[in-house]
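Reader: I have a structure open and would like to learn how to read its features one at a time.

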Amino acid sequence: MNLDSKIPEGPLKDKWTNHKNNIRLVNPANKRNIDVIVVGTGLAGGSAAATLAELGYNVKAFCYQDSPRRAHSIAAQGGINAAKNYQGDGDSIYRLFYDTVKGGDYRSREANVYRLAEVSANIIDQCVAQGVPFARDYGGLLDNRSFGGVLVSRTFYAKGQTGQQLLLGAYSAMNRQIAKGKIKMYNRHEMLDVVKIDGKARGIIARNLVSGEIERHSAHAVVVASGGYGNVFFLSTNAMGSNVTAAWKIHKNGAFFANPCYTQIHPTCIPVHGTQQSKLTLMSESLRNDGRIWVPKKLEDAKAVREGRLKPTDIKEEDRDYYLERRYPSFGNLVPRDVASRAAKERCDAGFGVVNNDTNEGVFLDFKSAIQRYGKEEAHIKGIKNASAEEITKLGEKVIESKYGNLFDMYQQITAENPYKTPMKIYPAVHYTMGGVWVDYNLMTTVPGLYAIGEANFSDHGANRLGASALMQGLADGYFVLPYTIGDYLADDIRTGAIPTDTPEFEQAEKEVRETLEKFVNNNGNHSVDYFHKKLGRIMWDKVGMARTAEGLKEAIKEIAELREEFWKDVRVPGSIDEMNQELEKAGRVADFLELGELFARDALEREESCGGHFREEYQSEEGEAERRDEQFAYVAAYEYTGKPSEAIMHKEELNFENVELKTRSYK
Amino acid sequence: MSTSKGMNLTLKIWRQKNANAKGQIETYQLSDVSPDSSFLEMLDMLNDKLINEGNSPVAFDHDCREGICGACSLHINGEPHGPGRRITTCQLHMRSFKDGDTIYIEPFRAKAFPVIKDLVVDRESFDRIQHAGGYVSVNTSGNTVDANAIPVDKESADKAFDAATCIGCGACVAACKNASASLFVAAKVSQYALLPQGQIEAKNRVLNMVKQAEEEGFGPCSNTGACEVECPKGISLENIARMNREFFSASLK
C-alpha cells in the first residue's frame, strides 16, 4: 500500500485555503441523515463532537469517564499557543510554524504544521466567545506568557488551569448540542473495537462500563480522539484510565501506526516517592519562566542533600551548577522539553541527583532569584525605600504566589515541602506521545471513514512537542480542521441511509470482544493486572525511555513479548463481564499496552538517529547533543499490523522541507 | 520524600454490589502503608491484596489523580474528600493519618447521586444541569470577533475564573444537609454572569439551570456554608448570592 498524505498543491500559505475551497461539502439537509461516532471527549473529541453536531450531523460521543468534562485534557496546566502577536514581539503565523517544525526536530509535515499555526488565532477568538476566562491584564486585554523553545510570548493561559478552562469550554459547546439532541452522549462507555463494512469504518463495539453490556453502534464515519499512550510506561502524568485501546484496535484493523517511539518526557514533574506510587504529577513548564534549575557542583554535596545532612538553601551560589544556563546560555532554563529532560538525566547519571529514591533521580527548581527580583520590583513600585531583606522576600513571594500559587500548593500537598522556602525537586516523567495513528492531511487514517485527531494522531509535533501546543492542536483538529475535511468523505454517503447493526461484521466483532473479556475473567491466574503493568513500565522506562541503545531495545522487544505471554497465562481478573468491573477494564487496556510496547521498541530500534524525544546513545555529538541523520531518516515510519507487533511492515512517508532549512537544533 | 516506616490501618468501607443491592460496611486491615502514598494509592494496595486473596476489589471513581478531573468522590471519616481543606481525595496523603487509625470510607450520599457500586455514584444529574444552560450559544466556526475586541476588567475576569474552576465533583452536595447543588449551579451561573459573553442569555440560563437542579432532586439552599468549607477548589459562597440576585431579577422579568 502506498501512503498518500494528500497534501494540497500550491504555496504553503495557500494550501489550506485552497483545499477548503476545493473539497466537497454536504448540504445541511443531507447532514441530518448522516451519523458520526466520536470516541473520546477531550479537547479534540469534545470540540469535534460539538462542531459536527452544530453543522447538522448526528453525533454519538463516547467517553469512559462518568462525564465528558473529565477527559484528561482537563489536567493541562500552562497554556495554549496562538500566533496573535498581541505583545508586538515579532510573532507571526510563520514564526509559530517555524518554531513548531524546529521544536519537533524536523520530523513533522510542513503543511500540517502551517495549517495549525494558521488556525491558532481563531481558537483564542472562539474560546473567548464561549466564555473561557483567560488571564487578562489591568487594561482588560488578554495576557500572555512565554514557553520553552521560543523567543516570543504567545501563550494564552488561565492561571495553571488552562486545560480545564478550555475543556470546559468544549464541554459547554457539547452541552448545547446535547440539549438539542444533536449529540447523543454515552458516558462510561469504552470502545473495544471498530467495525468495518466493505473496507469502510462503519461503527464500533463498546462496553457499557456500568452494566457490562456489549453494544453495537453504527455510523457513516468514526473519529478516534482517545489521546496518547504514555501509560505504556505505567508511571506517567496521564490519568489512570488514559489508554491506547481505541487507537490500537483500529491499528489492528488496518490503520497504520506512526512513529510510536516519539514520546515526550516532561522535565518538570515531581520525582517518584516509592513503590506504592501510581502516577506522576506534572509541574507546569511555565515554572521555568521564573525557576532556575540546578544541582550541587560537588558530588559530596549531592550525597549530603540526599541523606538529609545538608539543606539545599545552605549550598553557596558558587557551589551550584545551573547546568541549563551553563550549557545553553541563550535559552537557559527555557530550552525545549526534550533537551531539558536529557540534561537532568545526564546530571543524575553522573551522580548529582538530589532525591532520596531508588535511583537518586531529581534536580532542584529554585525560585529564590525570582522572589528577590520581583520583591525588589514591587518595593520600587510601592515606593518603599531601603526595604529590608525580609520585606523584599515577602513581596516577592506574593508575586510568585499570584503567578503560580496553585502549583505551589499542589507541590506542597504531595511532598510536604514548602517551595517558597526551599527549592522544588523535579525530575522528568512521561507526559505526551507525539507518535500515534497515521493520518493524511484530512486527518483520515489508512482506513476509509476512520479519522484520528488530537494526541491520538501523529501529525503535527514531529519528534518533540513544544509546550502549550497540545491544546492548540486538539482544538484546531476538532473545531476547525476535521469538520471541513470529513465532509469531503461523507459527501458520498448522502444516500446511504442508516447503517444497520444486525450484520455479520458487527456480529463477528462483538463475538471477538466478548470472547476476550470472558477469557480474562475465566483465566484465574496468580497476579493482578497492575503487577504486569508495573513490569511493563519498568522495561519501558529502563530500555525505551530517555536514552535508548540498540542492545537495550532488542532486549526490550524480547522481554515485552515474554511478559505478554505470561500476562495471558497468569493474569487474574476477578468478577464477571456483566457488571461494573474496573479490573476487567484495566486488563483490556494493559493487554493492548503489552502489544504497543513491542512496536514502540521496534520503532526506536529502526530509527538509528537521535531526534527530539527519541535519543539513541549511539548517535550523539561529543557534547552529548542529539544527532539527527536527515539523509536516511527524514521520514515518518508508519507501521502496518500483521500479527506480531514487532514484525509490523514499515511504510515510509518521506518528509519534504520546502519552506524551512534543516538545521541542527541549537539552543545554545 | 523517603519512605519511612509503614502504617497499619483499619478500613471500614461501604460495599454495595450494584444499584439495587443493599450495601453494608465491611472491615479490612491493611499494613505497611507509606505515609508518602496518596489515599487512592492506599486503596490500590488494598485492592491488590483483595485480588490476591481471591476477593472482589473495592470500586471507586478516580482518574487524573492530581485534583482536577473531579472524578474522585469519597466520603472519608464523615467529610467529602476527607480531612484537609481545598483538596480532592486523590490529593489527600496518608501522612494525614496515624499508625493504627480506623478510617471510614463511604460514597457521596445524595438522592440525586445514586450509588452504582461500592463507592461509585452516578453524577449525571450534574451534566443534565449543564445541558439546561451551562453554555454560551455561539457557533464553533471561529468566525467571531477578535478575542481582544471586548475588554473585560481584570477583577471580573478573575472572579469569573475563580467560579469556573469548579471541577464538578459533587462535594458541595455531599456536604450539604439538604443535598443542595446550589454552589455547583452558582459557579457556572456566576462565571457567565461576570463576563460580557454570558450576559445575553443570562436570564434564561439561571432560570433553567435552577429549575433543572430542583427536578433532579437536589434540595434547597439554607446558607449553612458547609459546601464552601468542603469545596476542594474553594468556590466562594458569594457565587450563591450572585446566583440568587440573578434568579430574582430574572424572575421579575
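Predicted model: local features only at pLDDT ≥ 70, side-chain atom pairs only at ≥ 80, totals over all residues.

Reader: How many helices and strands does chain B have?

Author: Helices (H or I, at least four residues) and strands (E, at least two) are DSSP runs, numbered from the N terminus. Chain B has nine helices and seven strands. Its C-alpha atoms fill a box of roughly 60 × 40 × 35 Å along the principal axes.

Reader: What share of chain B is buried?

Author: A residue is buried if 20 or more other C-beta atoms lie within 10 Å of its own, exposed if 12 or fewer, and partly exposed in between, with C-beta atoms placed from the backbone. Of the 253 residues in chain B, 53% are buried.

Reader: Which strands pair with strand 1 of chain B?

Author: Two strands pair if DSSP finds at least two bridges between them. Strand 1 (residues 7-15) of chain B pairs with strand 2 (residues 24-33) of chain B in the antiparallel sense, over eight bridges. In that pairing T10(B) stands opposite Q29(B). With strand 5 (residues 102-107) of chain B, strand 1 of chain B pairs in the parallel sense over four bridges, and here I13(B) stands opposite I105(B).

Reader: What domains does chain B have, and how many residues join them in contact?

Author: Domain bounds come from an automatic or database domain assignment. For chain B the assignment gives domain 1 (7-117) and domain 2 (123-138 + 151-252), with C-alpha centres 28 Å apart. Two residues are in contact if their C-beta atoms, placed from the backbone, lie within 7 Å. By that rule 18 residues of domain 1 of chain B are in contact with 17 residues of domain 2 of chain B. For classes, Ala, Val, Leu, Ile, Met, Phe, Trp, Tyr, Cys and Pro count as nonpolar, Asp, Glu, Lys and Arg as charged, and the others, Gly among them, as polar. The domain 1 side of this contact in chain B has eight nonpolar, six polar and four charged residues.

Reader: What are the domains of chain A?

Author: Chain A is divided into domain 1 (270-428) and domain 2 (504-628), and 34 Å separate their C-alpha centres. Six residues of domain 1 of chain A are in contact with six residues of domain 2 of chain A. Helix 10 (residues 337-352) of chain A gives the most to the domain 1 side, with five residues. That side divides into one nonpolar, one polar and four charged residues.

Reader: How many residues does each chain bring to the contact between chains A and B?

Author: Chain A supplies 72 residues and chain B 67. On the chain A side, helix 6 of chain A gives the most, with nine residues. By class the chain A side has 27 nonpolar, 31 polar and 14 charged residues.

Reader: At what angle do helix 5 and helix 13 of chain A pack?

Author: Axes are lines fitted to C-alpha atoms, for helices over the stretch in contact, and angles run from 0 to 180 degrees between N-to-C directions. Helix 5 (residues 110-129) and helix 13 (residues 470-490) of chain A pack at about 85°, with axes 9 Å apart. That makes helix 5 of chain A roughly perpendicular to helix 13 of chain A; angles under 35 degrees count as roughly parallel, over 145 as roughly antiparallel, 65 to 115 as roughly perpendicular and the rest as oblique. The contact includes L116(A) and I123(A) of helix 5 and L475(A) and F480(A) of helix 13 of chain A.

Reader: Is A468(A) buried or exposed?

Author: Most residues other than glycine have a negative phi. A468(A) has a positive phi of about 70° although it is not a glycine, and A468(A) is buried, with 27 other C-beta atoms within 10 Å. N386(A) also has a positive phi, near 50°, but N386(A) is exposed, with 6 other C-beta atoms within 10 Å.

How values were computed. Residues numbered from 1 in each chain as written. Chains lettered and ligands numbered in written order.
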